[in-house]
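Please consult the sequence and the three-dimensional view below while reading.

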Amino acid sequence: MNDIKKLKEQQRDKHPGFGFYLECMTRTLFTGLAGLCLGFSGFYFAQKLVQPKLPYPKKYNILISSIAACGIGYKITSDRTKACQAAWMAAEDKHTAVVARLGSNIRRINKVKGIEICGSYTVISARWKHTQYTGVKGLRSRKSFFESNTKPTDGDEEGAEEELDLENSQYDLIANTTMHVTRQTQVEQSVLVIQPYIKWGPKKSATDPDLQLQEAIALVNSLPNWSVEESLKVPLESLGKKALFGSGKLQELKDLVRKIRSSGRKLTSIFISKGTLSFAQKQFLEYEFGLPVMDRYSVVIQILRLHATSAEAKLQVAMAEIPYIWTQVKDASVSTNRRQGYALSDLQKEILRTRESKLKSELMRVRSHRKLLRNKRKQKDYPTVAVVGYTNAGKTSLIKALTDEQTIQPRDQLFATLDVTAHAGVLPCNLEVIFMDTVGFMSDIPTGLIECFVATLEDAMMADVIVHVQDVSHPNHLQQKLHVEDTIKSLARNPQMEEAGPIDSPRIINVGNKVDLLTSNLSSAQFDDLTLVSSKTLVGINQLMLEIEEKVLEVTGRIKMRFSVPSGGEEMAWLYKNAAIVDVVGNPEKTQFSIMSAIITNTCSKSVGGLEADDVFGTLKRNVDERSIWTKKRKTMRN
Ligand SMILES: Nc1nc2c(ncn2[C@@H]2O[C@H](COP(=O)(O)OP(=O)(O)OP(=O)(O)O)[C@@H](O)[C@H]2O)c(=O)[nH]1
Ligand SMILES: [Mg+2]
C-alpha cells in the first residue's frame, strides 16, 4: 500500500494522470467483478424461471451462466480499461488517441446543438467546435518578495511556482458545450438580457429588479465584443418551474425574439440573469427560443476566464467550472429527454474526473505554497491589510491611493481583479505594511464558484486588518454591503479557513468609497459607520491611513515608544534594524544623544522594559526617555 503511494508520489510530476489511472483501474476491476457476479446470478435465475421452455437440460445452466457472465465481465472491464487509458493519455495532454472515440460524441453534440436547431445557432456552434483556449501554458516561475531578503517590491504577485498546463481540447469541448463559453472573445455576441424576479413573497429579492437588470447588463458589457441587443425584466411567481416562464410570458418572449430578428437585428444568445438554470430549464428554453441560453454562472465564468492572467487565477477559474458541469451532467442523466446531447459518455466523465483530481491536487499545492509564504511573511513581521468588497467598489483604486503605486491600473469592469496581489505600503508612523488586493464578490453567484477562490482568499481572511470597501455612490450600496458581510461570514465558516480565526469587527474597517460621486443633498449621516473617501480625488485618504495605522498597531500588539540613545551608537543601529522609526531628533538636554520615536512589538517592548535585559536592551533601558502607549486618534479628524 505504502509502495503504491510512493510510486504515485514519484510519478506525479512526470505523469500527472498516473495516480488517477491507478484509481480508475481499481474501480474498473471491482466494476468488472460486480458485472461478472451479477451477470452470473442474473442468468442463472433467469434460466431457472423459464426452465421448462428452454431447449437444453438443467445441467447446462451453470455453464451458460458462466459463459454469459464472463462475456459481461470482459466487456465492462475492457471498455472501462480503455476509458481509463484514454483519460490518462488525455491528462498527459500530448496524446490524441481519445479523439477517435470522442469523434462520435463531437459530431452528435454539434449536430444537435447547431444544425438541427436554427441558423444563427449553427454559426456559434461551428466556432465553438474550433475553440481551444490557451490554458496556463508558459507559466513563469516568479520569486516572491517574501522569499527575497530585500524589502517588499511593489505589486508583486504571489503565484504558484510549478509549471502547469491546463490545455485539453477534449475538456474544452465538454466545457464549451455545457456552459456555452469560449475563449474566442473576438466572436461577437448580441445578447438578449432577461432579468427574472419574484414579484412578492419570502423569496422576493431585497434588491430592486431594475438594479438587478443593470448589473446583468454590466456583466455582458464586461466582455469585449459582447453587446446587449435588448434587455427586460420579467416578473415571476417562482424561479423553480421547469419552463421558468409561464406559457403566456414565454410566448411574449418568443414574439420578442422573432421581432428582433425580423427587424434585421442580430441576436446570438439569451442571458437569463439567474444564478444557475437547471439542465431541464436550459434545455427547454433553448429548444423554444432556438438560441443558446446562458445563466449568471456561465457568463461570470466567461469573464473570469478572460480576466484570469496569473496561473493561480487560471487554476481557480478552471476549478470553478467543474461543479457547474457536473450539475448539468447530473441533471441531464435524470432527464428523460436527452435530445440536446448534454449527457456525457463514460470517457468524457473520466476526462472530467481526471481534470478535477488534477486541479484539486494543484490547488492543494497552491495552498501549501501560500502557507509557506505567509509564514515567511510572519517571520519578517510585516502587518497585512486585506482590501475586500463588492466587485467594482474600488478596491484596486483604494490600494493605488494608499500606496501611491502608479503601475496599478483600476478598470471599470466587473471582476477585473482575480488575483490576491500584495502591495507594499508605509503607514504614517513609517511602519511598512502589505496591502492585499482581492477578487470582488457579487450577489446571485453560487457559493461553489467563490469557494474555488478559497486558496487565495485565505490569505486575505488571515490578514491582520480587513478593509471593507463600499461604493457609497451605488444605488444598491446597502445590499452590496450586506452581501459582502454574508460572504465573509460564510467563508469564515468554511473548514478550509479554520486558520483565519474569527473575522469580527475589531479587525474590520468599513470604508465608503467614491464620495466624489455623491450628490450634495445626500446626508452623510447615513454613512456614520463608514470612513468616507474618494480613491479618485484622494479625499479622506489621510484619515483612513491613520485609522488603518491605529487598527494595525492595536491588532498586532505594537506600541509607540521614545528612546534617548547615543547618536550613531549600537542602540540606534538596533532600533533601526528591529523597529519602524517614526522620527529622530537631537536631544536638547544631552548633546551626544538623539530621541528616537519607534514602533515596536509588545514582546520587544517588554524586553526593552528590562524584563530580559541583554547588553543592548540594558543600554536601551537606561536610556528610555519616555514610554508612551500610542494614543488613539480621534475619528473626527475627517478631512
Ligand atoms: N469617481 C470615482 N471613481 C472611482 C473611485 N474609485 C474607483 N473608481 C472607479 O471605479 C472603477 C472600478 O474601480 P476598481 O478599483 O477597479 O474596482 P475593484 O473593486 O477593484 O473592482 P474589481 O477588481 O473588478 O472587483 C474604476 O473605473 C475606477 O476608476 C472613486 O473614488 N471615485
Ligand atoms: Mg480590482
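The sections below proceed from the chain as a whole to its sheets, helices, ligand shell and selected loop residues.

## Basis and overall make-up

The model is predicted, so local features are given only at pLDDT of at least 70 and side-chain atom pairs only at pLDDT 80 or more, whereas totals for chains, interfaces and linings use all residues. Residues are numbered from 1 along each chain as its sequence is written, while chains are lettered from A and ligands numbered from 1 in the order in which they are written.

The protein chain holds 20 helices and 14 strands; these are DSSP runs numbered from the N terminus, with helices (H or I) of at least four residues and strands (E) of at least two. Of its 639 residues, 39% are buried. Burial is judged by the other C-beta atoms, placed from the backbone, that lie within 10 Å of a residue's own: 20 or more for buried, 12 or fewer for exposed, and partly exposed in between. Among contacts in the protein chain between residues at least 6 apart in sequence, 72% join residues at least 24 apart. A contact requires C-beta atoms, placed from the backbone, within 7 Å of each other.

## The four-stranded sheet

Four strands form an open sheet in the order S2-S1-S3-S4, with parallel pairing. Strands S2 (226-236) and S4 (293-294) are at the edges and have a single partner strand each, so one side of each lacks a neighbour in the sheet. Pairing of two strands here requires at least two bridges found by DSSP. Strand S3 (residues 269-272) is joined to S4 by 2 bridges, and Phe271 is placed opposite Met294 in S4.

Helix H7 (residues 209-221) lies across S1 (189-198), S2 and S3, and runs at about 155° to S1. Such angles, from 0 to 180 degrees, are taken between N-to-C directions of lines fitted to C-alpha atoms, for helices over the stretch in contact.

## Helix H2

Helix H2 (residues 18-49) contains 32 residues and spans 46 Å from its first C-alpha to its last, close to the expected 46 Å. The expected span is 1.5 Å times one less than the number of residues. Buried residues of H2 include Gly19, Phe20, Tyr21 and Cys24, as well as Gly32, Gly35, Leu36, Gly39 and Phe43. As background, an α-helix has 3.6 residues a turn, so residues three or four places apart point the same way.

## The shell around ligand 1

Ligand 1 is surrounded by 24 residues, of which Gly394, Pro410, Asp412, Thr417 and Gly440 are the closest. A residue is near a molecule if its C-beta atom, placed from the backbone, lies within 6 Å of it. Helix H13 (residues 395-403) contributes the largest share of this shell, 3 residues.

By class, the shell has 6 nonpolar, 12 polar and 6 charged residues. Ala, Val, Leu, Ile, Met, Phe, Trp, Tyr, Cys and Pro count as nonpolar, Asp, Glu, Lys and Arg as charged, and the others, Gly among them, as polar.

## The S6-S7 hairpin

Strands S6 (residues 421-426) and S7 (residues 432-437) run antiparallel and are joined by 6 bridges, with Gly425 opposite Val433 in S7. The two strands form a hairpin with 5 residues between them.

Two residues of the loop between S6 and S7 may be described together. Asn430 lies in this loop and has a phi near 75°, a positive value in a residue other than glycine; with 15 C-beta neighbours inside 10 Å, Asn430 counts as partly exposed. Leu427 belongs to the loop as well, but is buried, with 21 other C-beta atoms within 10 Å. Beyond its neighbours within four places in sequence, Leu427 contacts Val433, Met545, Ile548, Glu549 and Val552. The C-alpha atoms of Leu427 and Leu402 are separated by 9.0 Å, with the two residues 25 residues apart along the chain.

Strand S8 (residues 465-471) pairs with strand S9 (residues 508-513) in the parallel sense over 6 bridges, and Gln470 has Gly512 in S9 as its bridge partner. S9 also runs parallel to strand S10 (residues 531-532), to which 2 bridges join it; there Gly512 is partnered by Leu532.

Lys514 lies in the loop between S9 and S10. Lys514 has a positive phi of about 65° although it is not a glycine, and is buried, with 23 other C-beta atoms within 10 Å. Lys481, in helix H16 (residues 477-493), is buried with 21 other C-beta atoms within 10 Å. The C-alpha atoms of Lys481 and His468 are separated by 8.6 Å.

Key
Contact = placed C-beta atoms within 7 Å.
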